[in-house]
Amino acid sequence: MASAKPLITARTRACEKVFTDGYDALLVNLDDPLDLSKAVLKLAQNPEMAADIGKKGNELYHRQLSNQIIKAKIEKIIFKIIKAYIDIFKFYINNRVKFFW
């Protein structure tokens, strides 16, 4: 994706949420070598399609999946968790609740 090469990946719930089959990747059935070989052949016989899928996959990568974007998303989640713990701790302190540890 980052190199703008066409992507063939397993058809899983996670991949179906990220990729659109035939648009920015080719999704193949898991544990189906025939399906995989058909996808490889499809790209080999259609270089324009392969280039287009690679380009759209690259755009998706830069828009949603680059290391910087994933890092920012993870940091946001971690900060939310830390804030929640701080809020709980403040509640315990402000309400003089005894800790059980």
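A residue counts as exposed when its relative accessible area is over 50%, and as buried when that area is under 20%. The model described here is a predicted one. Aspartate 31 has a relative accessibility of 77%, so this residue is classed as exposed. Its place in the chain is the loop that joins strand S2 (26-28) to helix H2 (33-45). The backbone of aspartate 31 has a positive phi of about 55°, although the residue is not a glycine.

Two further residues with positive phi were found. Alanine 4, again a residue other than glycine, has a phi near 65°. Alanine 4 belongs to the segment before strand S1 (8-10). With a relative accessibility of 34%, alanine 4 is partly exposed, because the values between the limits for buried and exposed are given that name. Arginine 96, which follows helix H4, has a positive phi near 50°.

The packing of the helices was examined next. Helices H2 and H3 have axes 5 Å apart and pack at an angle of about 105°. Angles from 65 to 115 degrees count as roughly perpendicular, so H2 is roughly perpendicular to H3. On the H2 side the residues that meet H3 are Lys42, Leu43, Ala44 and Gln45, and their partners in H3 are Pro47, Met49, Ala50 and Ile53. Sorted by class, this contact of H2 with H3 contains six nonpolar residues, one polar residue and one charged residue.

Helix H3 (residues 47-65) also packs against helix H4 (residues 67-94), where the two axes come within 6 Å and cross at roughly 30°. An angle under 35 degrees counts as roughly parallel, and H3 is therefore roughly parallel to H4. The residues of H3 in this contact are Tyr61, His62, Arg63, Gln64 and Leu65, while H4 contributes Asn67, Ile69, Ile70 and Lys73. By class, the contact of H3 with H4 has four nonpolar, three polar and two charged residues. Helix H4 itself has 28 residues. From its first C-alpha to its last, H4 reaches 40 Å, which is close to the 40 Å expected at 1.5 Å a residue.

In soluble globular proteins, nonpolar side chains tend to be buried together. The largest nonpolar core in the model has six residues, namely Leu26, Val28, Ala39, Leu43, Ala50 and Ile53. S2, H2 and H3 are the elements that give two or more residues to this core. Apart from this core lies another one, of five residues, including Cys15, Phe19, Ala25 and Leu27. Within the largest core, leucine 26 was followed in more detail. When neighbours within four places in sequence are left aside, leucine 26 is in contact with Leu7, Ile8, Thr9, Asp21, Ala39, Leu43 and Ile53.

Glycine 54 lies in helix H3 and has a relative accessible area of 0%, so glycine 54 is buried. Not counting residues up to four places away in sequence, glycine 54 touches Ala4, Lys5 and Pro6. Asparagine 58 is also found in H3, and with a relative accessible area of 16% asparagine 58 is buried. Its contacts, leaving aside neighbours within four places in sequence, are Met1, Ala2, Ser3 and Ala4.

Aspartate 24 sits in the loop between helix H1 (13-18) and S2. Its relative accessibility is 4%, so aspartate 24 counts as buried. Aspartate 24 and glycine 54 are 30 residues apart in sequence, and their C-alpha atoms are 6.7 Å apart in space. Beyond four places in sequence, aspartate 24 touches Val18, Phe19, Ile53, Lys56, Gly57 and Leu60. Aspartate 35 is found in helix H2. Between aspartate 35 and alanine 10, which are 25 residues apart in sequence, the C-alpha to C-alpha distance is 10.0 Å. Leaving aside neighbours within four places in sequence, aspartate 35 is in contact with Leu27, Val28 and Asn29.

Terms used
Residues are numbered from 1 along each chain as its sequence is written. This is a predicted model: local features need pLDDT of at least 70, side-chain atom pairs count only at pLDDT 80 or more; totals for chains, interfaces and linings use all residues. Side-chain values use heavy atoms; hydrogens and water are left out. Axes are lines fitted to C-alpha atoms, for helices over the stretch in contact, and angles run from 0 to 180 degrees between N-to-C directions. Helices (H or I, at least four residues) and strands (E, at least two) are DSSP runs, numbered from the N terminus. Angles under 35 degrees count as roughly parallel, over 145 as roughly antiparallel, 65 to 115 as roughly perpendicular and the rest as oblique. Contact means heavy atoms within 4.5 Å. Ala, Val, Leu, Ile, Met, Phe, Trp, Tyr, Cys and Pro count as nonpolar, Asp, Glu, Lys and Arg as charged, and the others, Gly among them, as polar. Buried means under 20% relative accessible area, exposed over 50%, partly exposed in between (1.4 Å probe, protein chains only). The expected span of a helix is 1.5 Å times one less than its number of residues. A nonpolar core is a set of buried Ala, Val, Leu, Ile, Met, Phe, Trp, Tyr and Cys residues joined through side-chain atoms within 4.5 Å.
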